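I opened this model to look up its chain-level figures, its sheets and a few single residues. The entries follow in the order in which I made them.

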Amino acid sequence: MGVKQIHRPPQNAWERLYVFEIARGLGITLKHALLSWFKPGHMPTYEYPEVKRPLAERFRGRHRIRKREDGSPLCVACYCCQTVCPPQCIDITAEESDDPAVMKRPREFKINLLRCIFCGMCVEACPRDAIYMSHDYELADRTREQLQLGLDDLLENQDNDEGEG
Amino acid sequence: MAKLTIDGREIEAQDGQSVLQAALECGIHIPHLCYHPALKVVGSCRMCLIEIEKVPKLQVACGTPVRDGMVVSTQSERVRKARRGVLEFLSINHPLDCPVCDQAGECKLQDYCFEYGQAESRYQEDKRRFPEQDLGSTLVRDMNRCIHCTRCIRFLRDVAGAEAFTLYERGNRTQVGTYLETPVETPFSMNLVDACPVGALTSKHFRFKGRSWLMEKTRTLCAGCSRGCNVYAWSQKGRVLRLTPAENEWVNRFWLCDYGRLTVNDVNADDRLGDALRLGDCVDPEAALDQAAAKLKAYVDAGAGDKIGVVASARLTNEDNYLIRKLAREVLGTRHLAFVEGKEDDRPFEPSDRPLTEWFIREDKMPITWGARDIILSGEPAGDVLGLIAKARRGELKALLVFGEDLTRVTGEDRVVEVEFLFATGTHKTRTVELAHIAVPEATYLEKGGTFTNEEGRVQRLRPVVAPPGRARSAWQTARELAGRMGAGWSYRATAEVTAEIAAKVPGYQEVDFIEMPEEGQMVEHA
């Protein structure tokens, strides 16, 4: 490893005085301070968490599983998402469904959110469009166990998010 | 011999072989659905169409015998187009419910559609629909998926000797199944699941338990009877989910009986023993072995080694029995060695073309009765188990070591034997294990390596598929631990070392080679 010499552009006399440049910088700060006071809508930042940033339609948040009309999961436990998942965070256990037309349903559907990389390949692989990634991205929690999603967690709160399949 | 050219490759085939057989033998794959090497040829699926030079129409490879100078093309555009057409017809009524179908991943129709088919269906009309049908305790039939290859019918009629299945109704409504939905009552019913190239017949036992591509497949042996069928054990997350037959021309051909397949339930049972027990309470296995060895050493040091009885079993491996025998004879110095063996079966053993019911399942439900005779007896007389128990009841024995057996099953009584010291190894929480002064857990046949000698004298390799529960281990390891604690300098670290010693010491086993053992096994001479 050699040492790389950086040649800074030479400063002229005005810049070398500093005091005028400092005053100009303070002027910029003052301009924005006044703008935030009199024209708050103009600001490029959001007052999170009171105000949330609009998300792209295809934003990938935590998973949910769509329901049938009777409230049962649309998932048929084909294990395609589990197979394709790169960090292997999905763990499914299948069972026989009471409904002969459905045949197979998940008894357990576990997603380890700590391991998930939110790549969306499970959504891509799903033959029934059952799993989708919602716009829910506030995923902090107090224990690791609370970030292991079960089938009930995946089925709840479907009405108030606009996730895309 | 006939010389023919397939896809520009010159191959030799035996007269009377079909083009399909000749091609498969040379590793040229021709797609086929209704053809099965053990079943009669019907040529009904039309999947194996091939183009033969100077023959105007495409021919089925399974039904065309080889001729000298034949020039066959299996990949020409005409052939591929015809296969695409056949698949389109087969898929007309097929539900394409691969996500819920157990056959997915090992389904030939799925594979061929992937290879030749088109992604979009041109069929607009309604598909036929049948309800699922229960076919007894082992099978579920989903007629929607059936492609009418009749492999199930031919298996039952020509191989199993139970003419239960037939085709009924006609055309689009054709159904395959039992008349009036009667259950299939044959001890080989689950072979229908393997015979079915699609998911029309699925196993109730395995249904929805796992996906073929997520499971690991290990070639090992079935321990259900003395035939020693070759099986694939399919495991996932440390559990064996199913057994399927592995081909062995000399033992089980392509088949496996239902009883053998369901032995896997015993391995997965809830009452498996994972900890060592002292009078029914859990203890550390190492401490239990220390205590047992100290107790046995006290007998040997007091000159009472001959008052120790040892019971081996034909349920264990050759290696287990060899070290149990060595423990009894060399370390304990007792003459009282017996083993639990199975029933005699005087029917011929060799696989034949007669119905499976006549030859397949052996009366002897122990995997190595013959191996145990070779290894434990080694030419010497040994008492039978009932004699040993009688001796113990008369007070002639002070201690009894029981390996891998439940003595209450042997005697048919609820009590075991009242001896001063009863040591037992057990795979399950049996009566013997509960009553033993010290019991240590034992691995089952799917959890240990070793060799089995079947009724015919064929030595085959058993491979560990999953880890045993808790602290369980093989009987040979338990015997080694006991001997080591009693001062014998045994240095066996691996099963192969015990097998090598068997080859060196047991008459007739000179040729047995654990590492290099061929898939079909090695024959030994019974002593």
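**Chain totals.** I counted the elements of chain B and found 16 helices and 23 strands; helices (H or I, at least four residues) and strands (E, at least two) are DSSP runs, numbered from the N terminus. This is a predicted model, in which local features need pLDDT of at least 70 and side-chain atom pairs count only at pLDDT 80 or more, while totals for chains, interfaces and linings use all residues. Residues are numbered from 1 along each chain as its sequence is written, chains are lettered from A and ligands numbered from 1 in the order in which they are written, and side-chain values use heavy atoms, with hydrogens and water left out.

I noted the span of the C-alpha trace of chain B along its principal axes as about 90 × 50 × 35 Å. Chain B has 527 residues, of which 57% count as buried; buried means under 20% relative accessible area, exposed over 50%, partly exposed in between (1.4 Å probe, protein chains only). The accessible surface of chain B is about 22800 Å², and carbon and sulfur atoms hold 49% of that area. Accessible areas come from the Shrake-Rupley method with a 1.4 Å probe, and for residues only the protein chains shown count as cover. Among the contacts in chain B with a separation of 6 or more, 65% join residues 24 or more positions apart, where contact means heavy atoms within 4.5 Å.

**Domains.** I looked up the domain assignment, which gives domain 1 (2–90) and domain 2 (276–523) in chain B; such bounds come from an automatic or database domain assignment. The centres of domain 1 and domain 2 of chain B, taken over C-alpha atoms, are 52 Å apart.

B:I50 has B:Q59 as its bridge partner in β4(B). Six residues lie between the strands of this hairpin, and B:K54 takes a positive phi near 70 degrees there. β3(B) also pairs with β5 (residues 71–73) of chain B, antiparallel and over two bridges, with B:V72 as the bridge partner of B:I52.

**Three-stranded sheet.** I traced an open sheet in the order β11-β12-β13 (chain B), with antiparallel pairing. β11 (216–221) and β13 (239–245) of chain B each have a single partner strand, so one side of each edge strand is left without a neighbour in the sheet. Neighbouring strands here are turned by 30 degrees against each other on average, direction ignored; axes are lines fitted to C-alpha atoms, for helices over the stretch in contact, and angles run from 0 to 180 degrees between N-to-C directions. β12 (residues 230–236) of chain B pairs with β13(B) over six bridges, and B:A233 has B:L243 as its partner.

**B:E106.** I found B:E106 in the loop between α2 (77–92) and α3 (108–116) of chain B. B:E106 is partly exposed, at 27% relative accessible area. Leaving out residues up to four places away in sequence, B:E106 touches B:S212, B:W234 and B:R242. Its side chain makes a polar contact with the side chain of B:R242 at 3.0 Å; a polar contact is a pair of N or O atoms within 3.5 Å, where within protein one must be able to donate a hydrogen and the other to accept it, and residues adjacent in sequence count only if both atoms are side-chain atoms.

**Seven-stranded sheet.** I read the order of this open sheet as β15-β14-β20-β19-β18-β16-β17 (chain B), with mixed pairing. β15 (281–283) and β17 (337–340) of chain B are the edge strands. β14 (residues 276–278) of chain B and β15(B) pair antiparallel over three bridges, and B:R278 stands opposite B:D281. α9(B) lies across β16, β17 and β18 (399–403) of chain B and runs at about 170 degrees to β16(B).

**B:T317.** I located B:T317 in the loop between β16 (308–313) and α9 (318–332) of chain B. Is B:T317 buried or exposed? B:T317 is buried, with a relative accessible area of 0%. Its side chain reaches the backbone nitrogen of B:D320 at 3.1 Å.

Notes: Pairing = 2+ DSSP bridges.
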